[in-house]
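Me: I would like to learn how to read strands and ring pairs in a protein model. Please take me through the one below.

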Amino acid sequence: MNKKKYHLITSANESTWKLDRPVIFLGEWCRLYERKHIWENMDSIVAEPYGLKQSDKDADFSLIKNIEENIFSEFIEILNQYHGTNYRKRYWQIILGHWFKLSLSVIFKNVKTLQNCFKLYEISGTTFITNEDYELATQDYKSLIFAIYDIRWQSFLYNKILSLLDFKTLKIEIKKEKNQSNEYKNFRIKQFESNKSIKDRINVLAHKGYSFLANKFVKDNDTFIIDPYLPLKEEIKLNIALGQLPQLWKREKPEISAKTNKLLRKNLTKKFFKNSINDMENIIRQVLFELLPVVFLEGFKSLNQIVNKQPWPKSPKFIYTCSNFHTDEIFKLWSVLKIDKGTKYYIGQHGNNYGTSKEFYPRVEEETSDKFFTWGWKNNNSKFKSAFIFKTAKKKIIYNKQGGILLVQKPLGP
């Protein structure tokens, strides 16, 4: 261990920094490039990152997998009790499985990063920013994806985890947050309107007009196809081949005004918490309900009401998508309600990262679908069906034979 004492900095929020003593930045995310003129003159170091060794990755993968298997059933049992539902494990995996896995990964990584820092360096203290009105819970799963990279959200999550790790000798300075609106936002994702061309505007109006008319001819047992990743012409041909009028469904955005209920989440956390010998599991159990998006808890009733108003088939032959299984909350809940009545749930491969990392295998959509259609590869599981690259179906690929090749490496994520 480095014997020099450091003040720990976990955020790019400079109100938590100390300029009069040695400091240690928990990671490079604390040092924004545009603020280089500040941090390059500080008596500082950056903590050694955690989790780069393959041995650590393998051990962590096994541990987090075991924790997930131990607690998911308990977590959804509490949700079933609160909502008065009786959804099976598969249904909850479809509804919030992606959120659950990502949340576990984020908490796990943050805990390990902090523990590694305290193991390698002597930390004299740190600074917390507090705000009683701030909530870690986002509006929905997509909002969490954005929140993870938000300076403020990161800071409050690290504060929460540090308080649970309870380092006895750590001196914590607490500051109240200044100049921040306490308006409840939950990382609602704004739809930015770009300057669309006249052609684009005409296409949007044409699509709305067609959808308005086509919706009047929806049959109860129509196959439901949404975002199949096919070129428009091929999507239309697929619908016709299935004997139905092409609907060209688009993602609907739920407008839910519900806010977090702190007392409710505190009580649910008490039900969920068990004093395990596993410190990591203890922390996860104390944080998960605080991270649960509003749409899955306080706003779940409103989500059901929105789902029931959709003009989609009442008893579809099957459901098929390549995308909406991920962040489309309306689609996921609607699908679960239809699956419960016998509808088959088919998923097409979303992107080219399947089967490349054991940390992400099997993915939620691979586990929960009745059939999974790939871009041509096969799997020993009979559920997997070899298909083709949907995005380029019947498209002529044009490329520069004299050009180079761009290799994109996946970044280290949460």
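Me: Which residue in S9 does isoleucine 347 stand opposite?

Reply: Strands of a sheet pair through backbone hydrogen bonds, either parallel or antiparallel. Here isoleucine 347 stands opposite phenylalanine 372 in S9. Strand S8 (residues 344–348) and S9 run parallel and are joined by three bridges. Two strands pair if DSSP finds at least two bridges between them. Strands (E, at least two residues) and helices (H or I, at least four) are DSSP runs, numbered from the N terminus.

This is a predicted model, in which local features need pLDDT of at least 70 and side-chain atom pairs count only at pLDDT 80 or more, while totals for chains, interfaces and linings use all residues. Residues are numbered from 1 along each chain as its sequence is written, and side-chain values use heavy atoms, leaving out hydrogens and water.

Me: In what order do the five strands of the open sheet come?

Reply: The order is S6-S7-S8-S9-S10, with parallel pairing. Strand S6 (224–226) and S10 are the edge strands, each pairing on one side only. Threonine 374 has serine 386 as its bridge partner in S10. Four bridges join strand S7 (residues 318–321) to S8, and threonine 321 stands opposite isoleucine 347.

Me: How many aromatic pairs are there?

Reply: A pair of aromatic rings is described by the distance of the centres and the angle of the planes. Rings of Phe, Tyr and Trp (its six-membered ring) pair if their centres lie within 6.5 Å; planes under 30 degrees apart count as stacked, over 60 as edge-to-face and the rest as tilted. By this rule the count comes to 29.

Me: Why is the pair of tryptophan 29 and tyrosine 158 called stacked?

Reply: Their ring centres are 6.1 Å apart and the planes are at 0 degrees, so the pair is stacked. Tryptophan 29 counts as partly exposed because its relative accessibility is 30%, whereas tyrosine 158, at 4%, counts as buried. In contrast, tryptophan 312 and tryptophan 334 form an edge-to-face pair, with 5.1 Å centre to centre and 85 degrees between the planes.

How values were computed: Buried means under 20% relative accessible area, exposed over 50%, partly exposed in between (1.4 Å probe, protein chains only).
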